[in-house]
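Dear colleague,

I am passing on the structure below, which you have not worked with before. Please look it over first, and then read the notes that follow.

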Amino acid sequence: MQEAIVILDQGRRQLHLGAFTNYVGHHMAAWRYPQADTTSSLKFDFYKRIAQSAERGKFDMLFLGDSLYTETENLYKHHTTARLEPLTILASLLAVTDYIGLGATVSTSFNEPYNVARKLATLDHLSNGRAAWNVVTSSNDKEAQNYNRQKHYQHDFRYERAAEFLDVVKRLWNSWEEDALIMDKESGVYADLDKLHPINHTGVHFTVKGPLNIPRSMQGHPVVMQAGLSHRARQFAVREAEVLFTIASSIEKSKQDYAEIKGQLSLFGRAPKDLKIMPGLLAIVGKTQKEAEDKERELQQLVIPEFAVRLLSNQLNVDLSGYPLDGPLPALSDVAHFNGEKGRYEHFLALAQKENLTIRQLSLRLTRGHGHLTMTGTPSVIAEQMAEWFASEACDGFNVMFPYLPGALDDFVHEVIPILQERGIYRTEYTGTTLRSHLND
């Protein structure tokens, strides 16, 4: 590791961090871990503690993922199936936070543009410009079956719909000019109607008249994020997103992806700084290396093997229960014929092949952090590795995942963040009040 280079060569470039929370932790056995606060995870105070801890750590944002179904199959009795609606959670946190961005996943496949534009614009106003939307198309037939469909839309169709969906939402957000709101009590003029613009959109998937019934917010409109990993998803991100969440397999591969994605931005009149690339990072922190490794080992031992295999089967859309656990994956279909999360499908197939993983090993890799980059060690070791990734332009920061909550987040804030600050690559105070200003540091 080249500590001096990390500090001296960065100039004003700053590391960006999201606090990615998922129920009581990102490890699939987190709810069984003794230090996880499982019993409070459906209560406001649980999320209040997480949000305030992340804000003390000067994170750019708190990010909540989402899914639109619950498994009822027998093996899923071993997994957390309760999921609170994220926009409601974020709205409840407005009163107990001041600076941290608030981002949520919202699907374009099972919503209407006007509703999404209105809800997110409301969150952006009430938070004084801290809202963000992670644009996803969803990927699961089980989600579709909760929204009047038996099968989900085909992959390319989903992204065609998503592109039009986002275009409509952005036009609705921009349907009020900045100075459209007059509110002149003396003249009786509330708004300049010449500065409110119906969008009159008639497209393939949507017909929306507009304008939105909410003016522009402090930051103009919510930050747009993208988490897809397929080629089509990355094209979407290069054209539209301000933050791209990725899965990182290695620092060298991430450097190649980073250069490629940043190089494509100019095709859409965008600069490299306009898109922040933030791979997921599962951080397992211990006072010693042994303590960190013991935490990881204990979490892995809490995984029920049959559940792990079922989870992998769902991810790959193939029943693996009849194959030897300590044997290789069977021959699977080409990604072109896979209608789920194509990027994640390719990631797990490549991982199994590169590391010669058995079904058991790959399934446990999935339960550890859903295949994301994992750093296990002391605060200084983890900070050093993060700094190396950042300095070598493998990323602009990380969407940090915590194996269990809230304790693992607190450990990261108290132990890892100060080391990053001492290196001069991470803020010691917020310099702005909106999420977009955090991302532009």
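Two strands are said to pair if DSSP finds at least two bridges between them, and helices (H or I, at least four residues) and strands (E, at least two) are DSSP runs, numbered from the N terminus. This is a predicted model, in which local features need pLDDT of at least 70 and side-chain atom pairs count only at pLDDT 80 or more, while totals for chains, interfaces and linings use all residues. Residues are numbered from 1 along each chain as its sequence is written, and side-chain values use heavy atoms, with hydrogens and water left out.

The protein chain has 15 helices and 13 strands. Of its 441 residues, 54% are buried, where buried means under 20% relative accessible area, exposed over 50% and partly exposed in between (1.4 Å probe, protein chains only).

Six of its six residues are buried, so S1 is largely enclosed by the rest of the structure. In a regular strand, side chains alternate between the two faces of the sheet. In S1, His16, Gly18 and Phe20 point one way, whereas Leu17, Ala19 and Thr21 point the other way, and all are buried.

S1 runs parallel to strand S13 (residues 397-401), to which five bridges join it, and Phe20 stands opposite Met401 there. S1 also pairs in the parallel sense with strand S2 (residues 61-64), over four bridges, and in S2 the residue opposite Phe20 is Phe63.

With best regards
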